[in-house]
Amino acid sequence: MIRLEDLTKTFATPNGLVVAADKVNMEVPTGEICILLGPSGCGKTTALKMINRLIAPTSGRILINGEDTSKLNDIELRRNIGYVIQQIGLFPNMTIEENICVVPKLVGWDMKKAKSRAAELLDLVGLDPRHFLRRYPKELSGGQQQRVGVIRALAADPPVMLMDEPFGAIDPINREIIQDEFLKMQAALKKTIMFVSHDIDEAVKMGDKIAIFRAGKIEQYDSPDRILAHPANAFVADFVGADRTLKRLRLVTAEEVARADAASAARSASVADVRQSLASSGERIAVVIDGDHHPVGFVTADELQGASGRIGDFAHPLPASVPVRADLRAVVSEMFAHDTMWLACTDDNGRYAGVVTQPAVTAALRATYGGANAGAA
Amino acid sequence: MEILSFIANNWSVILGLAAEHIWIVAVAVGLAILTGVPIGIAITQSKRVADAVLYVASIIVTIPSIALFGLMIPLLSTIGQGIGWLPAVIAILLYSQLPIVRNTYTAITNVDPALREAAKGMGMTPLQRLLQVEIPIAVPVIMAGVRTAVVMNIGVAAIAAYIGAGGLGVLISRGISQTDPRQLVTGAIAVSLLAMAADWALLKLQKRLTPAGLKR
């Protein structure tokens, strides 16, 4: 847990006193990612760097797991906090292994343990240790370097990580990949993380909570969904963007809105049976599945009227299908791309897992609004 | 032809003078590294101090060597060393400060601030940052300064023959006073060859000392 209490930083400048952080109060529960979000100069980076005292606080307290950090010396404090920066900062004179082993060595691990840790961490981010341990940073691509930057911060297994726009300098495609990898790692490692970003999309994707900063103050500190659904004021609403409702689509997966019991029929099923079951359930469409339970097409109730034979003969190809893990933004995008009101979902093995419809998507967004309003009332 | 036979007949004398020459420069530049590198690192802490130190070092280099030798005679005479080896070493030590201090200062201040921030954020002490990150990265540039100092001062050491320091300058000064072109040319060629050889050898050393991760 990280707790900031009345954390304040003022800088003396030729134009007078500047308040970079103004009585910041917040708490990040253990194992969660908190995104500090805001325009440049809003004080988010200052707040972050006061935690590992790269910037000395003017006043206020910082507690990590209940302990007041002002009792620790700078060096000891920093060795217990993972730190990742946008510029990565791998030491060019050291190999990847030496880079990863820096903090373990500083805190006195034996070399054997540190080296096996380095190999283990490289494995974790999909970089083959046999290939990468002896390389130098300049031999790696930007994305590979940033993966090493992240695992270097994790090397001595600190409970807390500070990340200053860690993926800001990576191209959009690799950024998505690294973000996904990082979330997967975090699900297993459960670090308590403070993460500075200026990108609302990244914040919504990565954050368990988001703190929106302006002029050294927190304007709103809440879950991504609450911030998007109920911005506390005009500044927050403006910052998260006019399309904030669309952004909420990313917070819900297809699985949460799919109807798993939507009608389906085997290819070999008889038309009469399917027609009857559709009639009794009142549905208009049935997804056709093959012997391996993969969705392969669909039939409509209208076309089955008065027909006979096997369902396979009446099936239309599916316009598209989406994995149940996909977020609703991807689902809606597929719907628009194929001009359809519904899509079949598949599980990790490609088997039929239900149907998502456009009304179900809008209902899901409305439900969160409604639920939140009820909570406020 | 005359020059070649002169060289052939006086081979051992020439080598002896060359050894004296190398010894003067090696001791002086060696001491200059021991003083200049720490000074160059120390002045990174304050831009004002750095400017002042580099200014003084630049001024020293503008003093003609013959004048510097002259200035040292009364000072060092008090300990009976007014002429000879010691003033030569001191002069070269002083001349070497500029390239070594300046290159060290530039190399350390040019270390990517992101590296410094990463090192600091990971909990390295200032000394650990210096030894593990900043100096290894600065080594190629510091070595380039040492090379400049050596090459420049092989020439200065030749003039030190006039204050009795020995070295290859002896051939040149004798060649002038005795109007003997054989000695003069031999001395001049030997000094040039020595400078080129030293430059080449130090370049090799510089490459060896450059961390593998910084090589292109």
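**A chat about chains A and B**

Trainee: Hi! Where does Thr125(B) lie in chain B?

Mentor: Thr125(B) is in the loop that runs between α6 and α7 of chain B. Keep in mind that this is a predicted model.

Trainee: Thanks. Is Thr125(B) buried, partly exposed or exposed?

Mentor: Thr125(B) counts as partly exposed, because its relative accessibility is 23%; the buried class takes values under 20%.

Trainee: How far is Thr125(B) from Pro87(B)?

Mentor: The C-alpha atoms of Thr125(B) and Pro87(B) are 40 Å apart in space, and the two residues are 38 apart in sequence.

Trainee: Let's turn to the contact between the chains. How many residues does each chain bring?

Mentor: Chain A brings 23 residues to the contact and chain B brings 22 residues. Together the two chains bury about 1,900 Å², and 66% of that area is on carbon and sulfur atoms.

Trainee: Which helix of chain B gives the most to the side that touches chain A?

Mentor: Both α6 (113–121) and α7 (126–159) of chain B supply at least two residues to that side. α6(B) gives the most, with seven residues. By type, the residues of the side of chain B that touches chain A divide into 12 nonpolar, six polar and four charged.

Trainee: New topic: where is Gln183(B), and is Gln183(B) buried or exposed?

Mentor: Gln183(B) sits in helix α9 of chain B, residues 181–209. Gln183(B) counts as buried because its relative accessibility is 7%. Leaving out residues up to four places away in sequence, Gln183(B) touches Phe6(B), Leu171(B), Ile172(B), Arg174(B), Gly175(B) and Gln178(B).

Trainee: What does UniProt list for chain B?

Mentor: An unreviewed UniProt entry places the feature "transmembrane region" at several spans of chain B, including residues 82–101 and 184–203. In the model, residues 184–203 of chain B are 100% helix and 0% strand, with the end C-alpha atoms 29 Å apart. Residues 82–101 of chain B are 85% helix and 0% strand, and their end C-alpha atoms are 27 Å apart.

Trainee: And what does UniProt list for residues 2–240 of chain A?

Mentor: For that span of chain A, the unreviewed UniProt entry lists "domain: ABC transporter". The span is 39% helix and 28% strand, and its end C-alpha atoms lie 25 Å apart.

Trainee: How many helices and strands does chain A have?

Mentor: Chain A has 17 helices and 17 strands. The C-alpha trace of chain A spans about 85 × 55 × 35 Å along its principal axes, and 50% of the 377 residues in chain A are buried.

Conventions. Residues numbered from 1 in each chain as written. Chains lettered and ligands numbered in written order. Predicted model: local features only at pLDDT ≥ 70, side-chain atom pairs only at ≥ 80, totals over all residues. Heavy atoms only, no water. Contact = heavy atoms within 4.5 Å. Buried area = accessible area lost by both parts, 1.4 Å probe. Helix = DSSP H or I, 4+ residues; strand = E, 2+ residues; numbered from the N terminus. Nonpolar A, V, L, I, M, F, W, Y, C, P; charged D, E, K, R; others polar. UniProt positions renumbered as here; feature names shortened; annotations may be inferred. Buried < 20%, exposed > 50% of the residue type's maximum accessible area, 1.4 Å probe, protein only.
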